[in-house]
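Here is a short report on salt bridges. Please look at the charged side chains as you read.

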Amino acid sequence: MGVVTRYAPSPTGALHIGGARTALFNWAFARHEGGKFLLRIEDTDRVRSTAESEKLVLEALEWLGIRWDPAPGSQGIPHQSERGPRYREAIAELLARGHAYRCTCTPAEVEAMRERAKARDEKPRYDGTCRNRNVGPDSPLPFAIRLRVPESGGWTHWKDLIAGPSGEDAAELDDFVIARTDGSAIYHFAVVVDDHDMGITHVIRGREHMTSTPRQLLIYQGLGWEPPLFAHAPLLVEAGGKKLSKRAESVSVQSYRDRGFCPEAVLNYIARLGWGHGDLEIFSQDDLARLFTLEGVGQSPSQVHDDKLVWLSQHYLKTLPRELLLGHLQRFLDAEAGRPVAVDPGLARLVDLLRERSKTLVEMAALARFYLVDEITLEPKAAAKHLTRAIAEPLAALAGALEKVQSWDRASLEAAFRGVIEPRKLELGAVAQPVRVAVTGGTVSPPIFDTLEVLGRPRTLRRLANALKVAV
């Protein structure tokens, strides 16, 4: 059998960067091995699972470019909420094999058992009251279904493909619930049945799920199924070492998108959270599929902070093909302009000029604002510093020279500037910076001749005229 991996998000919020890493590692491993990467939705949490959250998760995966293969025997993406009959069938099989039993103990009674164990300095646990009672399906009392943990020979240890030898003794586990009193399967049980039915060969997930694995292995054993291989990636932590919160909005995939990071940079960044290949830092999606191995995943927690992401963002803004970059930038250009923006040759040229000056798409769009709008607002501090009475005369002379320029190109614009600054024995910067403020509103833009060339004659002259009204 070929490699089959899966990502199984719970739709209880936006896709967290840790979930995105799990999805990416599963995708990359499957592609590297020539296998399949499947997706399913684990919506057993009926209260918190929402269609809106599922939409956010799928949107984030698609934005990152993580594509999944069709699940066998399923129309669309499998949902646990649709598989109740299959879970009941598997539970009935466990009961028939004697590997599970019905338990009528109430939550209060189970809690009392745990408190008594704690009072004896023992591990809090269910004490097996119903283990040998042979409670039948016609019991007048509500009953849950518990797995009968073997007294010896239980599968609770495994060789983790990332963490190495792992597990705990079966004696440390109590007989745990696999189905609620309403007959619905709990998460741990549903996961095992789903992975078996989907033919999953490798379960790659975060280290926080490691404590679940012994119980899931016991379910595999009880059903007589071969378990998949397990690989648990190290935790993601904040810069100070604290575990990264899954509820933090700032680390959802959409938050990175909305802050202006392109998907190529975010994907590259996520891949490097715990995985590496020699000294390489830049990875395309194709590179990941070609190079990814579980041996490259480290053992230490990975810190999540923006420094490396900003560096990667700058790299991709400089190197992405223009059309692809413009596609990523479009929504931010529209936001700056307050309207849908049509990309003309001048704007395309300006975006190329802004590549070296931008850290994010948000920043690039902001720097392009002077081109997107007809009327600009001068930054007060910049205007006060550069549009002074002393610059009024050279600025007026330059406006006159620019009006007479025959061809609005870089060489002609440079000649017009020289004709103004040389007789007055001025440095280029003494005039260029006031002009920059006049035509863009601020002090940051591409080189002044390039800026004027893309802005065009009419808007340049009109903005210089407006600036001269200030510089008096």
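## Arg40 and Asp194

Arg40 and Asp194 form a salt bridge, with their closest N and O atoms 3.5 Å apart. A salt bridge here is a side-chain nitrogen of Lys or Arg within 4 Å of a carboxyl oxygen of Asp or Glu. This pair links distant parts of the chain, 154 residues apart. Arg40 sits in the loop between β2 (36-39) and α2 (51-64), and Asp194 in helix α5 (residues 187-197). Helices (H or I, at least four residues) and strands (E, at least two) are DSSP runs, numbered from the N terminus.

Arg40 counts as buried because its relative accessibility is 1%. Asp194 is also buried, at 1%. Buried means under 20% relative accessible area, exposed over 50%, and partly exposed in between (1.4 Å probe, protein chains only).

## How the model is read

The model is predicted: local features need pLDDT of at least 70, side-chain atom pairs count only at pLDDT 80 or more, and totals for chains, interfaces and linings use all residues. Residues are numbered from 1 along each chain as its sequence is written, and side-chain values use heavy atoms, leaving out hydrogens and water.

## Two more pairs

Asp175 and Arg131 meet in a salt bridge at 2.6 Å, N to O. They lie 44 residues apart. Both are buried.

Arg410 pairs with Glu414 in a salt bridge, the closest N and O atoms being 3.6 Å apart. Both lie in helix α17 (residues 410-421), four residues apart, about one turn of the helix. Arg410 is partly exposed at 34%. Glu414 is partly exposed at 30%.

## The wider picture

The whole structure holds 31 salt bridges. One network of salt bridges links Arg6, Arg40, Glu42, Arg83, Arg86, Glu89, Asp194, Asp195 and Asp197.
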